Amino acid sequence: MIYNEMQIPDHIIELDKNSPLESKKSEFLLPDDTIYMDGNSLGPTTKSALDEIETTTKAHWRNDLISSWNKHSWITLPQQIGEKIAPLLGAKSSEVIGCDSISVNLFKLLSAALKINHSRNIIVSESGNFPTDLYIAEGLESLLGKTKCSLKTVEKSAIIDSLNTDVAVLMLTHVDFRSGEKLDIRAITKAAHDKGILVLWDLAHSAGALKLDLDHDNVDFAVGCGYKYLNGGPGAPAFVYVAERHIKTIEQPLRGWMGHTSPFDFTPSYKPATDISKMLCGTPSVISMASLNGALDVFQDVDMAVIEQQAHALKQTFLSTLTNEAITDLKLITPTNSQSQGSQLSFTHEYAFELSQALIANKIIVDFRAPNVLRLGFTPLYLEHRHVYLAATILTTLLKHQEYLKPQFRERKAVT
Ligand SMILES: *Cc1c(COP(=O)(O)O)cnc(C)c1O
């Protein structure tokens, strides 16, 4: 199917013309004729990220070598990134730092939370949480023993009921990676605090996509992803948020030298930094950080409420373009109420994998999550109404003719 020959209705073209984010499209570099609906898995390149990688490698590393740690402030990249991410989270720059992966940062924060709430031993999470979150908690349980750390997973509907005075920390993901369901950070955090429980939010599918207000919502700790909606590049560093009230007392177990108060004194015993830098472990991955640092410039003059609202508008266009037959054939598992949605729509279908492959063959990049979920990301910084209109039209056609049953759409690779 050649979609650039397809007719776009005037009202769709009008929606794009009126988009408050129209000027942002040109900051992204996407391949021609590709409709990218997978920014929830890997954000695309931005000019600013590529420029920053180029300067860091071809100018700074190449010409200034080791002096770049000072001369080009490589050593403060984790803090520079924290400063740029903080406003997207509703946080102060002293509360956010870029480092490591979400998995590693969860280990640090869960350990720290158990230490603060040391008379309690339970970590509550949700059984459908992203697997790495649960694996890290299991690993901690195995390391510390169940009397010190015991993971309890419950269904989403049972979260509030599971909160009691044995629970040390509640660890949840804000937007469900499968269904796209969004939880109420403020209400859940308050319910946990009422029982003396600390709360750790995973913002992998929220940071850069939704308006967040961590300080106002009294969140204790959070982690988030640099390579999804923040477009930092494959394997870009994650971030950590620690509420100001905890920074002085928090102790994390990965006592790497970069978390030391003065790493270059090379003292034999560990003395943590007194600020958010105490969450660091080892040497920052400079090239990856440079890429994320560049990518974050795109967000400097945009309001996250506008991004969230435009994503909802794109989802509306997509859903209203699907025919009734298509809607019946697919099952929308994302809540229909936009207040409970993240920035994606998820559908279950018996042939969800094959459908994802057929869409990709039509240059509509989506993804599949086992066992049967077709996921589409709506990222208004670079995706337009005409794109999602075309995606919905093509998806409708694929369903109508069952084109996804063709044998070439069946083959599975290592990464889905
Ligand atoms: C993508 C994702 C992660 C990824 O963790 P890494 O350790 O950075 O690979 C973690 N949690 C959630 C909810 C995610 O969606």
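**Domains and helix packing**

Reply: Let us begin with the overall layout: the C-alpha centres of domain 1 and domain 2 lie 30 Å apart. Domain 1 is made of residues 3-33 + 303-409, while domain 2 covers residues 51-299. Where these two domains meet, domain 1 supplies 24 residues to the contact and domain 2 supplies 18.

Please keep in mind that this is a predicted model. The chain has an average pLDDT of 96, and 99% of the residues reach at least 70. Confidence is lowest in helix α11 (residues 324-329), with a mean of 93, and highest in strand β9 (residues 221-224), at 99.

Now for the helices. Two packed helices are described by the angle between their axes and the distance between the axes. Take α4 (residues 77-89) and α9 (residues 286-295): they pack at an angle of about 20°, and their axes are 10 Å apart. With angles under 35 degrees counted as roughly parallel, α4 and α9 are therefore roughly parallel to each other. Their crossing is left-handed. On the α4 side, the contact is made by Leu77, Pro78, Gln80, Ile81 and Lys84; α9 answers with Val286, Met289, Ala290, Leu292 and Asn293. Sorted by class, this contact of α4 with α9 has 7 nonpolar, 2 polar and 1 charged residues.

Ser73 is worth a glance: its phi is positive, about 55°, although Ser73 is not a glycine.

The axes of α1 and α13 come within 8 Å and cross at roughly 140°. Here Ile12, Leu15 and Asp16 of α1 meet His385, Arg386 and Tyr389 of α13. The residues in this contact of α1 with α13 divide into 3 nonpolar, 1 polar and 2 charged.

Pro371 sits in the loop between β14 (367-369) and β15 (373-377). The peptide bond leading from Ala370 to Pro371 is cis, with omega near 5°.

Conventions: Residues numbered from 1 in each chain as written. Predicted model: local features only at pLDDT ≥ 70, side-chain atom pairs only at ≥ 80, totals over all residues. Heavy atoms only, no water. Axes fitted to C-alpha atoms, helices over the stretch in contact; angles between N-to-C directions. Helix = DSSP H or I, 4+ residues; strand = E, 2+ residues; numbered from the N terminus. Parallel < 35°, antiparallel > 145°, perpendicular 65-115°, else oblique. Left-handed = near helix turned anticlockwise from the far one by under 90°. Contact = heavy atoms within 4.5 Å. Nonpolar A, V, L, I, M, F, W, Y, C, P; charged D, E, K, R; others polar. pLDDT = per-residue confidence, 0-100. Domains from an automatic or database assignment.
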